[in-house]
Amino acid sequence: MAAQKINEAHEHIAKAEKCLKTGLTKWKPDFDSAASEYAKAAVCFKNAKQYDQAKEAYLKEAEYHTENKTLFHAAKAIEQAGMMMKEQKKMPEAIQLIEKACMMYMENGTPDTAAMALDRAGKLIEPINLEKAVDLYQKAAGVFENEDRLRQAVELLGKASRLLVRLRRLDEATVALQKEKNMYKEIENFPMCFKKTTAQVLVHLHRADYVAADKCVRESYSLPGYSGSEDCIAMETLLQGYDEQDEDQVYRVCSSPLLKYMDNDYAKLAISLRVPGGGGKKKKAAAAPQGGAGGAPAAAEDEDDYEGGLC
């Protein structure tokens, strides 16, 4: 079966080369037909699991689409070449090709397609390179934001924020979270603004910046429905406990369902929060969830499952 597909691929390549020849009665190469034949060859190589040859065929297809001024199809072919690298677990090469395709989508005036491709690239690289995934998600968010598609943009910013927390790049996480919060405010999704305030407080307290954490809560009082809400009361109680070095009070808030069932990266911040200069009560309390008292599930969840969280 594989040998048959490889033979078919070479037949398509021969047809493509014939399309490119010129003569007395044919003055211009037929780039469109050549691209079509290379696309068929690429599929044959792919089905035969000859991914390197499939990649080369897709790149040839892209070359002739470019000659034919059909940039969108050229970009699609380059993206497919990237996927052939993904099949071989050559992720850096895959991402490089997908990013090149995204540039062509932008040049072709199809930014939405570029942003979606960047998002896909982020998902591919995330298991092996969080830093690159952050970069791709932020780029994708920027493209959507430029197109005034804020709902799509804020979702991608959320992915980047969570990874920044996981990487312990907390200063950058605070900036990303503020941008998320501003976008949610702009689209009037105030409950998500509340959740972002909670995430901001946790990040700032891990940076030992009580003043910034308190400022986030105070600024959120202007959000409709925040003052007196469950989120607001929890953060006021947390900040009071942190300021007064009351480890029990901090632990009660951090182990509450409101924080425990946030997205995993933020839930871990809550579980691991320590009061400065504390005498160890928090450490004893924090050990309880390990025995099944309720705080552990968030930290044990699959870190790739972002859909189930509240923040």
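Predicted model: local features only at pLDDT ≥ 70, side-chain atom pairs only at ≥ 80, totals over all residues.
Local features are taken at pLDDT of at least 70, side-chain atom pairs count only at pLDDT 80 or more, and totals for chains, interfaces and linings use all residues. Residues are numbered from 1 along each chain as its sequence is written, and side-chain values use heavy atoms, with hydrogens and water left out.

**Exercise 1. Overall make-up**

Determine how many helices and strands the protein chain contains, and what share of its residues count as buried.

Solution. Helices (H or I, at least four residues) and strands (E, at least two) are DSSP runs, numbered from the N terminus. The protein chain has 17 helices and 0 strands. Buried means under 20% relative accessible area, exposed over 50%, and partly exposed in between (1.4 Å probe, protein chains only). Of the 311 residues, 48% count as buried.

**Exercise 2. The pair α10 and α11**

Describe how α10 and α11 are oriented to each other, and state which residues meet.

Solution. Axes are lines fitted to C-alpha atoms, for helices over the stretch in contact, and angles run from 0 to 180 degrees between N-to-C directions. The axes of α10 (residues 190-206) and α11 (residues 210-220) come within 7 Å and cross at roughly 165°. Angles over 145 degrees count as roughly antiparallel; α10 and α11 are therefore roughly antiparallel to each other. Contact means heavy atoms within 4.5 Å. From α10, T197, Q200, V201, H204 and L205 meet Y210, A212, A213, C216, V217 and S220 of α11.

**Exercise 3. Helix α12**

State the span of α12, list its buried residues, and identify the helices against which they pack.

Solution. The expected span of a helix is 1.5 Å times one less than its number of residues. Helix α12 (residues 230-243) has 14 residues and reaches 20 Å from its first C-alpha to its last, close to the 20 Å expected. Its buried residues are D231, C232, A234, M235, L238, L239, G241 and Y242. These buried residues pack against α10, α11, α13 (247-254) and α14 (257-260).

**Exercise 4. Positive phi values**

Locate D148 and E188, and decide whether each is buried or exposed.

Solution. Most residues other than glycine have a negative phi. D148 has a positive phi near 60° and lies in the loop between α7 (130-146) and α8 (150-166). With 66% relative accessibility, D148 counts as exposed. E188 has a positive phi of about 60° and sits in the loop between α9 (170-186) and α10. E188 is exposed, at a relative accessible area of 59%.

Technical notes: Parallel < 35°, antiparallel > 145°, perpendicular 65-115°, else oblique.
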